[in-house]
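Hi,

Here is the structure I promised to pass on. Have a look at it first, and then read on for what turned up.

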Amino acid sequence: MPASASTSASPGAGVTVPGLDAPPVIEAVNLCKTYGGVTAIENLSLRVGRGEIVGFLGPNGAGKSTTMRILSGLMPATSGAAFISGIPVAWKPESAKMHLGYMPENNPLPEDLRVVEYLRWRAKLKGVPWRRVNAEVDGAMERCDLVRKTRGRLVGTLSKGFRQRVGIADALLGGPDVIILDEPTIGLDPHQILSIRRLIKNLGGRVAVLISSHILPEIEQMCDRVIIVNQGRVVASGTTAALRAEFIPRAKFTLAAAVTGAALEALLLPREPAASVEGTGRPGPDGVRRFTIGLPSCSALADGLLAFLWGAFPGKILEFHATPPDLEEIFIEATHRCWEDETKSRK
Amino acid sequence: MRTFRVLLAHELHLLAITASTYIAAAVFLGLTGFLYWFSLHQATDPSVNGGPTPVQSWFGVFWVPALVIIPQITMRAFAGESRSGMLGALFSTPVRPFQVVCAKFVAAYFFHMLLWVLALLFPLMAYWLLPGAQHSADGLLPLPTLLGGFVFVATSGSLYVATGLLASSLTRSTLVAALLCICALLLLLTAGSLLQQINPGLHVATDYVAARASYLDTFRHLDLFLRGIVDTRPLFLFGSGTMLALGLATLFVKNKA
């Protein structure tokens with residue numbers, strides 16, 4: 001049985017994750033991997049529950065692909081353990097792979113095979129009973145919208161978007177508990193990204209999906225939770241809202257009003273000395289300027305800011321809304337914090 | 001066993017649909033056809049009396065097509081698939097490395113032997129088509145030589161194909177794999193002869209070295225087979241060499257995915 005690992009081993013991992021009361025279907029416990037003298041991942045622990053879609057983020061060289069390859073049984077870890085559906089990947093790789101669908105980065109496919117031939121071959125390799133191969137392949141193709149256009153086409157003639165769909169259809173074959181997708185939207189145009197996103201979102205609830213990507217808005221829209229790695233370690237883990245509270249402790253608001261920056265600062269700073277006001281210097285033709293107001297999340301002013309401003313500048317406010325920090329800001333903050341910690345520890 | 005069958009069927013299917021298979025077959029058959037024609041031409045030279053039969057001469061240069069075809073059919077097996085990432089994708093399914101190696105070996109060996117079976121049509125065609133050939137069957141179609149030669153290319157071929165796969169498992173470049181394969185085949189073909197030539201200069205354990213050199217001498221074994229004598233020692237040599245090469249290839253492939 002898997003060791004009782006938890007994400008609390010890593011900074012930023014103390015966030016409670018609702019889906020994880022049940023045993024995790026993906027679990028990494030203190031994974032380490034070194035290539036020669038270079039450490040690719042170091043004491044990396046993570047857990048993903050059944051039905052969760054989890055984004056796996058990190059800068060280039062952070063150890064995402066290495067972790068995914070270890071979880072997929074393609075590469076042994078130097079130390080630590082990985083489990084798929086509770087099966088130790090290092091000791092029983094074939095059994096673990098029966099529960100896994102994996103789409104590697106760049107999704108290599110045989111150019112000379114037809115889509116249906118390729119998927120039938122993969123289904124047989126994954127142990128799908130002979131009688132069910134055709135039905136299983138048809139089902140996967142249906143879900144990935146491959147049936148009409150590409151069924152009989154050579155893989156080598158497919159567009160990048162359809163190749164990615166073939167890769168995802170392959171990952172779906174055999175009814176896995178876990179699907180690991182390494183950069184599934186890389187190189188796709190916005191239409192293709194949209195359709196792949198829909199496809200992945202539809203997988204949620206049934207299988208656990210671990211998905212790495214550099215396109216952070218995509219991850220934010222698709223995933224229930226994100227895990228951010230940097231320099232081979234988990235630096236943050238949790239829902240976007242939880243990470244926002246942890247890493248970006250300031251609330252941001254956008255204001256468009258016919259007032260000056262100085263007047264705004266004169267109003268806000270006496271009430272909240274930690275407030276910040278940034279704005280465009282030049283007013284529009286109607287004297288309206290746009291401002292970004294920053295306040296500590298814990299500030300009492302944050303909750304009733306609009307009423308406070310409206311009271312001070314009646315009739316002069318044209319637009320007001322809260323601007324929550326997106327995943328990109330969280331990602332940058334989390335990775336910067338990691339680099340700063342690293343620099344401090346070296347000193 | 002099911003996984004092996006699925007992998008083997010896939011490899012054979014890929015061989016059947018890939019253009020390079022047909023190019024390799026055309027090159028092999030063109031070369032063996034030319035070599036047979038050349039052997040036939042030499043045998044009809046009136047200045048040569050009591051020389052080898054055309055079939056003996058033809059099998060005597062078996063290494064020429066072997067050096068051309070074996071790198072071609074084995075170089076992409078692991079090197080090309082490793083570079084493209086296909087090997088990694090394959091190992092994300094519940095397959096074992098030795099199943100993959102065995103499937104690729106059986107498919108490549110099958111193709112190699114299929115080409116030799118087709119090449120045997122050249123002596124048969126000469127026998128049927130050349131005027132007066134059927135009156136001198138011993139010269140143009142000596143059955144013991146033909147069978148012995150075929151058994152030799154079949155057994156030695158397994159070692160050479162396995163060596164090609166081992167070379168392919170060592171690198172990610174198909175070109176380097178082909179060059180490694182050619183070097184390894186040349187070494188296997190000439191090791192016995194070279195050892196015998198340098199043996200007198202070694203001054204140590206001369207008899208032991210001579211015996212080993214003789215055992216490794218491919219062309220001495222070929223000579224026996226072409227006389228219709230099927231010796232079990234070379235069968236063991238080629239068989240154990242094949243197992244060793246496939247075992248090593250499995251180890252390398254396991255670490256390569």
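**Where chains A and B meet**

The contact is made by 22 residues of chain B and 23 residues of chain A. Bear in mind throughout that this is a predicted model. Between them the two chains bury about 2,100 Å², and 65% of that is on carbon and sulfur atoms. On the chain B side, the residues that lose the most area to chain A are Arg2(B), Ser92(B) and Pro94(B), which together make up 30% of what that side buries.

As for charges, the count between chain B and chain A is one salt bridge. That bridge pairs Glu94(A) with Arg96(B), with 3.9 Å between the closest N and O atoms.

Which elements give two or more residues to the side of chain B that touches chain A? They are α1 (2–17) and α5 (86–90) of chain B. Of these, α1(B) gives the most, with eight residues. By type, the residues on that side of chain B split into eleven nonpolar, nine polar and two charged.

**Aromatic pairs**

Over all chains, the structure holds 16 aromatic pairs.

Phe253(A) counts as buried at 7% relative accessibility, whereas Phe320(A), at 23%, counts as partly exposed.

Then go to Phe62(B) and Phe152(B), an edge-to-face pair with 5.0 Å from centre to centre and 90° between the planes. Phe62(B) lies in the loop between α3 (54–60) and α4 (63–84) of chain B and Phe152(B) in helix α9 (residues 143–170) of chain B, so the pair ties together parts that are 90 residues apart in sequence. Both Phe62(B) and Phe152(B) are buried. They also belong to one aromatic cluster with Tyr160(B), Phe219(B), Phe225(B) and Phe238(B).

**Salt bridges**

The count over all chains is 14 salt bridges. Here are a few from within the chains.

In chain A, Asp170(A) and Lys126(A) meet through their side chains at 3.1 Å, N to O. Asp170(A) is in helix α6 (residues 160–172) of chain A and Lys126(A) in the loop between α3 (115–125) and α4 (133–143) of chain A, so you are looking at a link between distant parts of the chain, 44 residues apart. Asp170(A) is buried, with a relative accessible area of 3%, and Lys126(A) is buried too, at 9%. Salt bridges that share partners join Arg122(A), Lys126(A) and Asp170(A) into one network.

In chain B, Glu81(B) and Lys104(B) form a salt bridge, the closest N and O atoms being 3.2 Å apart. Glu81(B) is in helix α4 of chain B and Lys104(B) in helix α6 (residues 97–119) of chain B, 23 residues apart. Glu81(B) counts as buried at 18% relative accessibility, and Lys104(B) counts as buried at 4%.

Cheers

Notes:
Residues numbered from 1 in each chain as written. Chains lettered and ligands numbered in written order. Predicted model: local features only at pLDDT ≥ 70, side-chain atom pairs only at ≥ 80, totals over all residues. Heavy atoms only, no water. Contact = heavy atoms within 4.5 Å. Buried area = accessible area lost by both parts, 1.4 Å probe. Salt bridge = Lys/Arg side-chain N within 4 Å of Asp/Glu carboxyl O. Helix = DSSP H or I, 4+ residues; strand = E, 2+ residues; numbered from the N terminus. Nonpolar A, V, L, I, M, F, W, Y, C, P; charged D, E, K, R; others polar. Phe/Tyr/Trp six-rings, centres within 6.5 Å; stacked < 30°, edge-to-face > 60°. Buried < 20%, exposed > 50% of the residue type's maximum accessible area, 1.4 Å probe, protein only.
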